Amino acid sequence: MPRKFLEALASLKLTVTLFALSMVLIFAGTLAQVDLGIWQTVDAYFRSPIAWISLQLFIPRQVLEAPISIPFPGGLTLGLLMVVNLLAAHALRFRLTKKRIGIITLHAGVIVLLLGEFVTAWMAEEGMMSIDVGGSSQYVEDIRTVEFAVVDPSDPDVDRVVVIPASKLKGKVRQGGRFTHEALPFEFEINRWIPNARLLRANEPTIANRGVGLDAVADELPQVRGVDGAMTDSPSAYVTLYREGENLGTWLLSADLIDAQAVDVDGKTYGIALRFKRTYKPYTLHLLEFRHDVFVGTQVPRNFSSRVRLVDPTRDTDREVVIWMNNPLRYAGATFYQASYKPDGTGTVLQVVRNPGAALPYIACILVGGGMTWHFLFVLVGFLKKQTSRDKKREPKEESSPAAHPAQRALPWVVGVLGLLIACSGLLRPDPRQEFDIETFATLPVSAGGRVKPMDSAARHVLAVASGRQVVHHEEGRMSATEFLLRLMALPETIRHLPIIRVDHPDVLALLHLRPEDGGRISLAKIEPHWTAVAEQAERALDVQSRRRDSFQRGVVQLYSRVNTVLAYSGMMEPYAIPPLGPDDEWSPFNEAFLASGLMRPDGHPMGEFDPASIHPAVAFYVTMMTAYSEQNPEDFNLAAGMYRDLLERDMGRVMGKARLEVHFNRGSLFTGAMGVYTLAFLILCMSMLLRMRRVGGGGRLAFLPEGLRVSATAFIWAAFLVHTAAIVMRIYLQERPPVTNLYSSAVFVGWASVLLGLLLERVYKLGIAAMGAASIGFSTLVVAHHLGSDGDTMEMMQAVLDSNFWLATHVITITLGYSATFLAGALGIIYIILGVFTRQLTPDRAKALTTMVYGTVCFALLLSFVGTVLGGIWADQSWGRFWGWDPKENGAALVVLLNAIILHGRWGGIIRQRGIMVLAVSGNIITAWSWFGTNMLGIGLHSYGFMESAVFWLLAFVASQLMVMAVGLIPLPGWKSQPRG
């Protein structure tokens, strides 16, 4: 009996079941954060024995009005069962051998990782320390809970404070009645408790008749979610005090109030306050300086930093320290992180973390990463040895086969060169000749969005924001973005009737007195008569939180923003076209520099006469160029543009070099070219597969055709991959960042990595299947990138919290490679299902080869996704003191890891066979897409940097398509035209 019980506990079926249940819990917990917030969700889902999952998370509230919840194993239960399952498995069937070292080490690391989460849940302390510039603090506030404090200041050396925690306060609110305690100089009753409120000026009498409540009222607000950055609930309460039955009055208390309110009791004055829970330290931090730097012309934070003086008499410490993003201060067991700042910029907010188990995740990650690497390398070496052995057995047959014709050997090279020419065709097209030297004007550097870029990129940005395109199509033909911007600056009246503002929402169109069929790109001339109404509606919508706006409000705000962006460029307030004259200067807008130059200063002006020597050279050149263009004088325009270019070449040579390269990069559209070649390769592979199905050629002259098409398609993919690589390298050089910095670049990189993996698999298994998967992913990810980049600059500057090339080059690239491998496995699974159900081409050999490919890719995906997730945890620990915070993006990464682990464990345990592996691999596409995009669409979380609501439909459509493929894959085997092993 004990043996059977141990076998049940050690079962791989139990392992897979626990993984699956964990995925359900994590997904439900992520959705719950939208309403509950991260802190409440963590307690209710991830750190509880039982989680009560609301069905309204999955069923629209319009369909299910009643709040029905079902019990589900909580994170605590699942974590403990996983530890028991691992220990039982090792006690029963694992022996310490060379082959098992990796697995044993890996599982030891998993146990330590789970132990670390338990220690963190029970023992970690986290709080905030707010300090004004010139001020100091020696206490940490826990912003998740409050306390009622009564201060007795009668002792001149030290205040005597009695505090009552929030848990007891809330309990008394539920029970009713007065709160009494021998340490308190009075009794009190909570008349009203408000979990989150703001203080407003009272315009009429309120409940309170003492203190602040005479002039203020608590306005109730929705509770803040723990994923809303530095925002937190600010509780308020109306409290009535009593002394021996006498009513002393009613006070309004709020966590927003800094000072305690005075209460006179028996001739003695006390202070009362509702404040965040405080923990005092034996040392003091003095804030000497706080910096909140933003990128020029933007509100994007470039740097948060606090220069503090640390004074600790108990350790004889007195020193200065600078704390900034990703660079915390560690002292006396606590870690101080630069978390936020006071809204008016007068002080800093430091996050203070004390976690006795902080080292456990690092130890676990070393064990898991090392064990996983050892195991997969051991498997890989064994696979390569078997492959070499099989190749040697085939050598005699290959020697007896006729030598390939020279034309056949040259074919891939010829096709590859052709693919390069097609992909690079954008660079090979000559620009149309024009009277005005638009090419030179396009290369002039400006500052926009916080980075220096050529005028061409700024023009493409404003046009993309306004219309979603980078060219203007009008009755007279096509206009480039640079020419459009030049006309917008110099001849703004000529663009009033051009269709450049995209408007689609029918109610917004109605606001403009247009019909729904008039939607699309419309002119400023059609908007201008109704601009007052648009501005009024937009200003109303802007007062509503972005997540709470309806579709009309979002549409009118979007229109308002688009038109204002065009107007800002028209008035030359953007981009910042005037370069700095010295190292301490910044880029400035032409409008500002022109007004400061005094060129328009009339005679007798109080500031004196205009001094030509004081004018900025760039202002003079721009005035000349704009004047010449408005007067249609190409000679003067070209002369001024050329002279200004030469001046910049002399003083800003490197900037000009990068500007020229970026212009070529923009016009070359290398990603679009690569996309076209990937498409061509996919079509050729489909043709090759079709010819094999029909057995075209037999043993005659056309016998080479199917294989020749496969070789040609593979050559096309290599050509597209090389151009894809070159474009990524150019972006790295221009941005001076690793390849993945935002959603756009992640789509580009996911496709690149998937193509590389597919090509490597194609080298081993020359079936055309891996190449087909590579081509399809390469094309589809570049399509996604194209749409992600249609509304602005794709090389935007990094926010302060992300400004770390080291972590961008390690965590972000590794996790993206994990996405790539998972997507490739899913693409191969789709091909397996389609070939098996609809054709007779899924022979036993092909099915076995495909299964091996998917298995190896899943192994690779598990390794990369786990290591990437771990590196993200380390980065998070370095940035804000939480190795794992159950943030939606973190949860998405965990789902990818768990799914890949289910596939491998299911295969090892014989729970799934070929078909099951493929169906689960396709489900990996859904999980990865959710982790990649879906978590952003929730609009919550510390990682939600790329929210885009418009993509919800396309994500749902993609998920539906993958579910359909999975359903097809589950058709009973008699319904398959090919019948592989189950």
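User: Quick one to start: in strand 10, which residue is the bridge partner of Y242?

Analyst: The bridge partner of Y242 is N247, which lies in strand 10; strands here are DSSP runs of E with at least two residues, helices are DSSP runs of H or I with at least four, and both are numbered from the N terminus. Before we go on, this is a predicted model, in which local features need pLDDT of at least 70 and side-chain atom pairs count only at pLDDT 80 or more, while totals for chains, interfaces and linings use all residues. Residues are numbered from 1 along each chain as its sequence is written, and side-chain values use heavy atoms, with hydrogens and water left out.

User: How many bridges join strand 9 and strand 10, and in what sense do they pair?

Analyst: Strand 9, covering residues 236-243, pairs with strand 10 in the antiparallel sense over eight bridges, where pairing requires that DSSP finds at least two bridges between two strands.

User: And what order do the strands of that open sheet have?

Analyst: The sheet is an open one of three strands in the order 6-9-10, with antiparallel pairing. Its edge strands are strand 6 (187-194) and strand 10 (246-254), each of which pairs on one side only. On average, neighbouring strands of this sheet are turned by 20° against each other, direction ignored; the axes are lines fitted to C-alpha atoms, for helices over the stretch in contact, and angles run from 0 to 180 degrees between N-to-C directions.

User: Switching to charges, what's the salt-bridge count?

Analyst: The count comes to 30 salt bridges, taking a salt bridge as a side-chain nitrogen of Lys or Arg within 4 Å of a carboxyl oxygen of Asp or Glu.

User: Which residue does E141 form a salt bridge with?

Analyst: E141 forms a salt bridge with R278, and the closest N and O atoms are 4.0 Å apart. E141 lies in strand 4 (residues 136-152) and R278 in strand 12 (residues 268-294), so the pair ties together parts that are 137 residues apart in sequence.

User: Is E141 buried or exposed?

Analyst: E141 is buried, with a relative accessible area of 15%, whereas R278 counts as partly exposed at 22%. Buried means under 20% relative accessible area, exposed means over 50%, and partly exposed is in between, using a 1.4 Å probe and protein chains only.

User: Where does R278 lie relative to Y139?

Analyst: R278 lies over the face of Y139, at 4.1 Å from the ring centre; a charge sits over a ring if NZ of Lys or CZ of Arg is within 6 Å of the ring centre and within 35 degrees of the ring normal. The charged end of R907 likewise sits over the ring of Y855, 4.1 Å from its centre.

User: Back to salt bridges: which residue does R710 meet in one?

Analyst: The side chains of R710 and E762 meet in a salt bridge at 2.7 Å, N to O. This pair links distant parts of the chain, with R710 in helix 22 (residues 705-735) and E762 in helix 23 (residues 743-764), 52 residues apart. R710 counts as buried at 6% relative accessibility, and E762 is buried at 2%.

User: Which residues are linked in a network of salt bridges?

Analyst: R451, K453, E662 and D793 are linked in such a network.

User: Aromatics next. How many pairs?

Analyst: The count comes to 34 aromatic pairs, where rings of Phe, Tyr and Trp (its six-membered ring) pair if their centres lie within 6.5 Å, and planes under 30 degrees apart count as stacked, over 60 as edge-to-face and the rest as tilted. Among them, F436 and F637 are edge-to-face, 5.5 Å centre to centre with 80° between the planes. That pair links distant parts of the chain, 201 residues apart, with F436 in the loop between helix 9 (425-428) and helix 10 (438-443) and F637 in helix 19 (residues 634-651). Both F436 and F637 are buried.

User: Which residues form one aromatic cluster?

Analyst: The cluster is formed by F590, F594, F621, Y622 and Y644.

User: Last topic: how many disulfides does the structure hold?

Analyst: The structure holds zero disulfides, a disulfide being a pair of cysteine sulfur atoms within 2.5 Å. C365 is in no disulfide, and the nearest cysteine sulfur, that of C859, is 20 Å away, which is too far for a bond. C365 is buried with a relative accessible area of 10%, and C859 is buried with 8%.
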